[in-house]
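Work through the exercises below with the structure open. Try each task before reading its solution.

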Amino acid sequence: MKQFEYRVEDIQVQLKANKEFSEVMEEKLNSMGKDGWELAGVNGSVFYFKKEEK
C-alpha cells in the first residue's frame with residue numbers, strides 16, 4: 001500500500017493581478033514539483049501537498 005507524507009504551506013495571494021507575484025508563485029510551485037511534491041488541494045491561501053514516501 002502506498003504511503004504519503006504531507007506538507008501544508010500558507011501562501012498569501014494578492015487580489016490584484018501582478019505579473020511579478022505570478023512568476024514568484026510559479027517558481028515556488030515548480031520547485032516543489034521538482035522535489036516530488038504534488039499539489040493535492042487549495043483552501044484560500046493554504047496549499048496542501050503530498051508525495052509518496054520511499
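Two strands pair if DSSP finds at least two bridges between them. Keep in mind that this is a predicted model.

**Exercise 1. The sheet**

Task: Work out how strand 2 and strand 3 pair, and in what order the strands of the sheet lie.

Solution: 
- Step 1. Begin with residues 38-43, strand 2, and residues 46-52, strand 3. The two pair in the antiparallel sense over 5 bridges, which passes the cut-off of at least two.
- Step 2. Pick one bridge. Glu38 has Lys50 in strand 3 as its bridge partner.
- Step 3. Look at the hairpin of these strands. There are 2 residues between the strands, and Gly44 takes a positive phi near 65 degrees.
- Step 4. Turn to strand 1. It pairs with strand 3 over 7 bridges, again in the antiparallel sense. Phe4 stands opposite Glu52 in strand 3.
- Step 5. The 3 strands form an open sheet, antiparallel, in the order 1-3-2.
- Step 6. Find the edges. Strand 1 (4-10) and strand 2 each have a single partner strand, so one side of each lacks a neighbour in the sheet.

**Exercise 2. The core**

Task: List the residues of the largest nonpolar core.

Solution: 
- Step 1. The core has 6 residues: Ile11, Met25, Met32, Trp37, Phe47 and Phe49.

**Exercise 3. Glu9 and its salt bridges**

Task: Decide whether Glu9 is buried or exposed. Then trace the network of salt bridges that includes Glu9.

Solution: 
- Step 1. Glu9 is found in strand 1.
- Step 2. Apply the cut-off. Glu9 has a relative accessible area of 15%. Buried means under 20%, so Glu9 is buried.
- Step 3. List the surroundings. Not counting residues up to four places away in sequence, Glu9 touches Lys28, Met32, Ser45, Val46, Phe47 and Phe49.
- Step 4. Take Arg7. Its salt bridge with Glu9 has the closest N and O atoms 2.7 Å apart. Arg7 counts as partly exposed, at 31% relative accessibility.
- Step 5. Take Lys28. Its salt bridge with Glu9 has the closest N and O atoms 3.6 Å apart. This pair links distant parts of the chain: Lys28 lies in helix 1 and Glu9 in strand 1, 19 residues apart. At 32% relative accessibility, Lys28 counts as partly exposed.
- Step 6. Join the pairs. Arg7, Glu9 and Lys28 are linked in a network of salt bridges. A search of the whole structure finds 2 salt bridges.

How values were computed. Residues numbered from 1 in each chain as written. Predicted model: local features only at pLDDT ≥ 70, side-chain atom pairs only at ≥ 80, totals over all residues. Heavy atoms only, no water. Helix = DSSP H or I, 4+ residues; strand = E, 2+ residues; numbered from the N terminus. Core = buried A, V, L, I, M, F, W, Y, C linked by side-chain atoms within 4.5 Å. Buried < 20%, exposed > 50% of the residue type's maximum accessible area, 1.4 Å probe, protein only. Contact = heavy atoms within 4.5 Å. Salt bridge = Lys/Arg side-chain N within 4 Å of Asp/Glu carboxyl O.
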